[in-house]
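Me: I am new to this kind of page. Please show me how to read its features, one at a time.

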Amino acid sequence: WAGARGMPIAWQAHHGAEVLGALPLLATRRSVAGLPVRRLESLAIPDTQCWDWLAAPGQAEHAAEALARALVERRAEWDELELRHLTRLSLNWALLQAQLEQHGVPCEITEATRNPRIDLTAGFEPWFAARGKSLRKAAALNRNRLARAGEVSIERVQGSGWQVALAEATRISAASWKRHTGNSLDQPGPQASFAALTEWAAGSGHLSLWLLRVDSRAVAFEYQLRGEGRVYALRSDFDETLGEASPGSQLNLRLLETL
């Protein structure tokens with residue numbers, strides 16, 4: 001998927017046969033004031049939640065030193081290094097940044113986006129009651145609109161049956177506004193990426209794929225990964241033909257209530 005706009009590169013730090021760390025990047029080109037700029041950036045897709053370079057246990061410092069040295073030694077091959085989706089608490093990045101700066105490579109950190117989160121421990125009713133009046137009113141209005149369209153139900157797929165559920169999600173995505181962006185799930189890159197991810201997540205217990213149905217027809221989905229007491233929402237799409245009833249928002253509220 002990412003390879004459609006650049007060349008994926010994974011640099012590895014070795015000590016003999018042992019892999020100490022890996023730096024997954026994408027080599028791209030862009031134009032600045034008419035001049036070509038060669039960029040190394042995070043290997044990521046639009047649904048990426050976070051990115052980091054990888055280190056074997058107890059080897060982060062050695063790996064950071066080796067990877068920074070490799071970046072500096074090949075400095076003639078790139079003009080910019082842009083690493084997005086890092087978290088503030090990334091110890092690996094702090095080590096790599098320190099090594100790069102020791103080699104004279106300046107690093108600037110700016111906050112680009114944040115992922116909002118919801119504490120599920122207090123229960124749904126107190127959380128929903130604390131929302132604004134306009135949001136609660138809009139939710140009720142959309143719930144009534146959706147109910148007029150047919151019988152509404154939700155389904156959660158976590159393991160077996162993921163192939164059928166992903167096929168339904170792909171159909172929904174193809175009928176959503178994302179079909180104009182090239183990132184809908186019926187496109188070759190996204191389709192292959194989510195098929196591989198879903199097979200792994202279903203087999204390892206991390207999948208949480210929700211479908212909202214109207215008269216048994218799936219019209220909205222939310223794709224999540226779960227682990228260590230957290231649920232990560234990667235993507236949600238809805239069928240635009242029911243856009244006036246906001247089926248995606250309705251699914252989001254119902255799954256929050258269930259969680």
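**Reading the model, step by step**

Reply: Start with one residue. Leucine 120 counts as partly exposed, because its relative accessibility is 35%. Buried means under 20% relative accessible area, exposed means over 50%, and partly exposed lies in between (1.4 Å probe, protein chains only). Leucine 120 sits in the loop between helix H2 (91-102) and helix H3 (124-129). Helices (H or I, at least four residues) and strands (E, at least two) are DSSP runs, numbered from the N terminus.

Me: What should I know about the model itself?

Reply: This is a predicted model: local features need pLDDT of at least 70, side-chain atom pairs count only at pLDDT 80 or more, and totals for chains, interfaces and linings use all residues. Residues are numbered from 1 along each chain as its sequence is written, and side-chain values use heavy atoms, with hydrogens and water left out.

Me: How many helices and strands does the protein have?

Reply: There are 7 helices and 9 strands. The C-alpha atoms fill a box of roughly 65 × 40 × 40 Å along the principal axes. Of the 259 residues, 36% are buried.

Me: Which residues make the nonpolar surface patch?

Reply: Ile118, Leu120, Val231 and Leu259 make it, over about 270 Å². Patch residues have over 30% relative accessible area and no salt bridge; like charges are joined within 9 Å, nonpolar side chains (Val, Leu, Ile, Met, Phe, Trp, Tyr) within 5 Å.

Me: How do I read a helix? Which residues of H2 are buried?

Reply: First, the general idea. An α-helix has 3.6 residues a turn, so residues three or four places apart point the same way. Now the case here. In H2 the buried residues are Asn92, Trp93, Leu96, Gln97, Gln99 and Leu100. Seen down the axis of H2, they fall within an arc of 165 degrees, so they line one face of the helix. The arc is that of the directions from the helix axis to the C-beta atoms. On the face turned away from that buried side are the exposed residues Leu91 and Gln102.

Me: What covers the buried residues of H2?

Reply: The cover includes strand S2 (18-32), strand S4 (54-55), helix H1 (60-73) and strand S5 (80-82). Take asparagine 92, in helix H2. Asparagine 92 counts as buried because its relative accessible area is 18%. Beyond residues up to four places away in sequence, asparagine 92 touches Asp52, Trp53, Leu54, Ala55 and Ala60. Contact means heavy atoms within 4.5 Å.

Me: How do I check the length of a helix?

Reply: The expected span is 1.5 Å times one less than the number of residues. Helix H7 (residues 247-258) has 12 residues and should span 16 Å; its end C-alpha atoms are 16 Å apart, which agrees. The buried residues of H7 are Pro247, Gln250, Leu251, Leu253, Leu255 and Leu256. They pack against several elements, including H3, helix H4 (133-149) and strand S7.

Me: Is leucine 212 buried or exposed?

Reply: Leucine 212 is buried, because its relative accessibility is 0%. This leucine lies in strand S7 (residues 207-214). Apart from neighbours within four places in sequence, leucine 212 has contacts that include Leu146, Ile154, Pro247 and Leu251. The C-alpha atoms of leucine 212 and glycine 248 are 8.1 Å apart, though 36 residues separate them along the chain.

Me: How do I read a salt bridge?

Reply: Look for a side-chain nitrogen of Lys or Arg within 4 Å of a carboxyl oxygen of Asp or Glu. That rule gives 17 salt bridges. One of them joins arginine 38 and aspartate 79, at 3.0 Å from N to O. This pair links distant parts of the chain: arginine 38 is in strand S3 (residues 35-42), aspartate 79 is in the loop between H1 and S5, and they are 41 residues apart.

Me: How exposed are arginine 38 and aspartate 79?

Reply: Arginine 38 is partly exposed, because its relative accessible area is 26%. Aspartate 79 is partly exposed too, at 33%. Contrast glutamate 41 and arginine 39, which meet in a salt bridge at 3.8 Å, N to O. Both of these residues are buried.

Conventions: Areas by Shrake-Rupley, 256 points an atom, 1.4 Å probe, with all protein chains shown as cover.
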